[in-house]
Amino acid sequence: MTELVGLADVQAARELLAGVTRTTPLEPSRPLSAVLGGPAWLKCENVQRAGSYKVRGAYVRISRLSAEERERGVVAASAGNHAQGVALAAGLVGTHATVFMPVNAPLPKVAATKGYGATVELVGNTVDESLVAAQTFAERTGAVFIHPFDHPDVIAGQGTVALEILEQCPDVKTIVTGVGGGGLISGMAVAAKALRPDVRVIGVQAATAAAFPPSLKAGEPVRLPAFSTIADGIAVGRPGDLTFTHVRKLVDDVVTVSEEDISRALLMLLERGKQVVEPAGAVGVAALLAGAVEVQAPVVAVLSGGNIDPLLMLRVIEHGLAAAGRYLRVTVRCTDRPGQLASLLGEIAEHRANVVDVEHQRANPHLRLGEVEVALSVETRGVEHSDTLISALRASGYQVVFAAES
């Protein structure tokens, strides 16, 4: 299927979604505006029902099923957000959902999907493997398979995000959003290019799970041999046939960001924007902060989801602090004599750094006799403060190495 979804399809989807989904807010972002030198806004789909934009496409698809199809139930595969969207939409329409999720799917997403009334089956290590299991289930039981991105109704539903953006920010010049299978950016590009052909639509993928750049280069969907990223919501190994056609024809560019870029963006959104966002929902902001793409302001970055595992959030915050130079892990080697540790910690305190944890070790075979190794995690005020602290410790005679060097 290569026929493009049209503006009329997106507008019809919006009528179906009236009273079902919420018009999510568009919030200004001062940090992004400062980086870009012009107005920057955040489209907060992280506060959508079920925590992401996914309910839009899921509801449009499921609400158009016949009575006989609804009787058979629906089945889907997802790492979490599509699962919750399908579960919620199925309940609203009055049918039962079975959802296949990877075995390592975040527990809060699994619990939320069950909470919306779906039956959850944990199968496979990736969404692609879960997709195969879901399609097999559909063939065996007659349940209607609800694809997470590669269906016209799903694309049309996701495109309603762009209709809201164009109304909320009429002078928008660039829209940036994360890309997994391509459903969201396909629908948004349909609406944006039909109503405002001058608006640039930019997609962002995690560099370690980026299937679109090689696919666009090859001129056809290409499957990645392997992929892994903290942005599980966009960890898709192959673009959809239909979404690939939309992206190739309508999207201006697809760029990539590193895991460190994503961590920094999550930290900024939490700290400066007071936004709880999952990694996949922050990649657009990550691209803007990292300068991965040249954009013209006003810019709107879509925060596509907010369903982040609290344990992952803890790790991401720590990683983001480290990437920003505000969380330092070092190992200090010094002589093993009474009061040496107190002296070391005193010097760190003198430079207004905060020690988070300390590990004191004498048994390392690489140490010389009479030498001790102290592993430290230290909070600092940034890269310059970290550099000053390291220089001061070395000037005092301490041998300082970083975790990767020790």
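1. Surface. The accessible surface of the chain comes to about 17,100 Å². Carbon and sulfur atoms account for 51% of that area. Note that this is a predicted model, and every value below is computed from it.

2. Charge. The chain carries 36 positive and 42 negative side chains. The centres of the two sets lie 2 Å apart.

3. Fold elements and overall form. There are 16 helices and 14 strands in the chain. The radius of gyration is 24 Å, close to the 22 Å that the globule rule gives for 406 residues, so the chain is as compact as a globular protein of that length. Along its principal axes, the C-alpha trace spans about 80 × 50 × 40 Å.

4. Of the 406 residues in the chain, 56% are buried. Take the contacts between residues at least 6 apart in sequence: 72% of them join residues at least 24 apart.

5. Thr98. This residue sits in strand S4, which covers residues 97-101. Is Thr98 buried or exposed? Its relative accessible area is 8%, under the 20% cut-off, so Thr98 is buried. What does Thr98 touch, beyond residues up to four places away in sequence? The partners are Val74, Val75, Ala76, Thr119, Glu121 and Phe137.

6. Asp153. Look next at helix H8, residues 152-168, where Asp153 lies. Asp153 has a charged side chain of the kind counted as negative. Even so, Asp153 counts as buried, at 14% relative accessibility. Leaving aside neighbours within four places in sequence, Asp153 is in contact with Gly57, Val60, Arg61 and Arg64.

7. Cysteines. How many disulfides does the structure hold? It holds zero. A disulfide is a covalent bond between the sulfur atoms of two cysteines. Cys44 is in no disulfide, and the nearest cysteine sulfur, that of Cys169, is 13 Å away.

8. A cis peptide bond. Most residues other than glycine have a negative phi, and most peptide bonds are trans. Against that background, check the bond between Ala297 and Pro298. It is cis, with omega about 0°. Where is Pro298? Pro298 is in the loop between helix H13 (283-290) and strand S10 (299-303).

9. Positive phi at Ala50. Phi of Ala50 is near 65°, a positive value in a residue other than glycine. With a relative accessible area of 10%, Ala50 is buried.

10. Positive phi at Lys274. Here phi is near 55°, again positive in a residue other than glycine. Lys274 lies in the loop between helix H12 (259-271) and H13. Is Lys274 buried or exposed? At 63% relative accessibility, Lys274 counts as exposed. Ala50, by contrast, is buried.

Conventions:
Residues numbered from 1 in each chain as written. Predicted model: local features only at pLDDT ≥ 70, side-chain atom pairs only at ≥ 80, totals over all residues. Heavy atoms only, no water. Helix = DSSP H or I, 4+ residues; strand = E, 2+ residues; numbered from the N terminus. Rg over C-alpha atoms; globule rule 2.2 N^0.38 Å. Buried < 20%, exposed > 50% of the residue type's maximum accessible area, 1.4 Å probe, protein only. Contact = heavy atoms within 4.5 Å. Areas by Shrake-Rupley, 256 points an atom, 1.4 Å probe, with all protein chains shown as cover. Charge placed at Lys NZ, Arg CZ, Asp CG, Glu CD. Disulfide = S-S within 2.5 Å.
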